[in-house]
Amino acid sequence: HKASDSSSDDESLAGEDVSEQPVSSEGQVAEISGRGVISGVDLSQLRPRKQPQSSPDVGDDLRAIVSRLEGSPSADAPKRLVILDAANIAMRHGNQKAFSTIGISAAMQHYRKPGHKVLAIMPEYYLDYGYVGNKVRQSRAGFEVSAAKIPDNVSILLSWRDEGLIFSTPPQDYDDSYTIKYAMKHDAYIVSNDRYRDHVQNQPHSNKRQVKQWLKDHLISYTFV
């Protein structure tokens, strides 16, 4: 995730030509082939969802289309708002050892290419040169600092924010809540390997079932291969 242009070709990010293969799973899964291309879930085949109601059956089940080969949607196919859990994607691409912005760029490219609107969400401190620089100095001095706190390219994150591709949340707040509430309000899909169990558990008892079902229908997990 060090690319400076989120609209560049997939091959330039991956560094090699790769083929797209569908992935089947019990849930909704996107495969990121060659560490630069996401495939496996075709959002153009889905109809808009309604907000959660009292019934546990909310909208269509994405699992029915997971094994479908992804193709280019027709001009009149419905476009989706896709929310990226930016930090989750970056750390996955960096094998949990580095915050790799190339993964975020790959995800942006994949969903923007067929015309979907993409918005990445992350805590504000990732965009703060002072904060990140301090974490780098602490790490170099021998202090234990989580790799998840040190993005590899603050400049590109700031450029994406200026383009309206990144929304930052207040550093003291729980960014998962922002992600889920924004996605629910705008009937969006979330790309993340986080199951958001903490968010579900923190819901009032009367709302847990609805939120859990909504996440089941709108959460897309992924992998890099």
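This is a predicted model: local features need pLDDT of at least 70, side-chain atom pairs count only at pLDDT 80 or more; totals for chains, interfaces and linings use all residues.
Numbering runs from 1 along each chain as its sequence is written, and side-chain values use heavy atoms, with hydrogens and water left out.

Now zoom out to the core. Leu 157 is listed with Leu 84, Phe 99, Ile 104, Met 108 and Met 122 as having the most contacts inside the largest nonpolar core, a set of 33 residues. A core here is a set of buried Ala, Val, Leu, Ile, Met, Phe, Trp, Tyr and Cys residues joined through side-chain atoms within 4.5 Å; buried means under 20% relative accessible area, exposed over 50%, and partly exposed in between, using a 1.4 Å probe and protein chains only. In soluble globular proteins, nonpolar side chains tend to be buried together. At least two residues of this core come from each of strand E3 (81-85), H2, H3, strand E4 (117-123), helix H5 (154-162), strand E6 (189-191) and strand E7 (219-224). Those labels are DSSP runs numbered from the N terminus: helices (H or I) have at least four residues and strands (E) at least two. Another core, apart from this one, has 15 residues, including Ile 121, Ala 183, Ala 188 and Val 211.

Next, look at H2 (residues 86-93) and H3 (residues 101-112). They pack at an angle of about 115 degrees with axes 7 Å apart; axes are lines fitted to C-alpha atoms over the stretch in contact, and angles run from 0 to 180 degrees between N-to-C directions. H2 brings Ala 86, Ile 89, Ala 90 and His 93 to the contact, and H3 brings Ile 102, Gly 103, Ile 104 and Ala 107.

The loop between H2 and H3 holds Asn 95 and Gln 96. Asn 95 has a positive phi of about 55 degrees despite not being a glycine, and phi of Gln 96, also not a glycine, is near 65 degrees. Asn 95 is exposed, at 52% relative accessible area, and Gln 96 is exposed too, at 53%.

Finally, E6 and E7 run parallel, joined by two bridges; strands pair if DSSP finds at least two bridges between them. Ile 190 stands opposite Leu 219 in E7. Five of the six residues in E7 are buried.

Methods:
Contact means heavy atoms within 4.5 Å.
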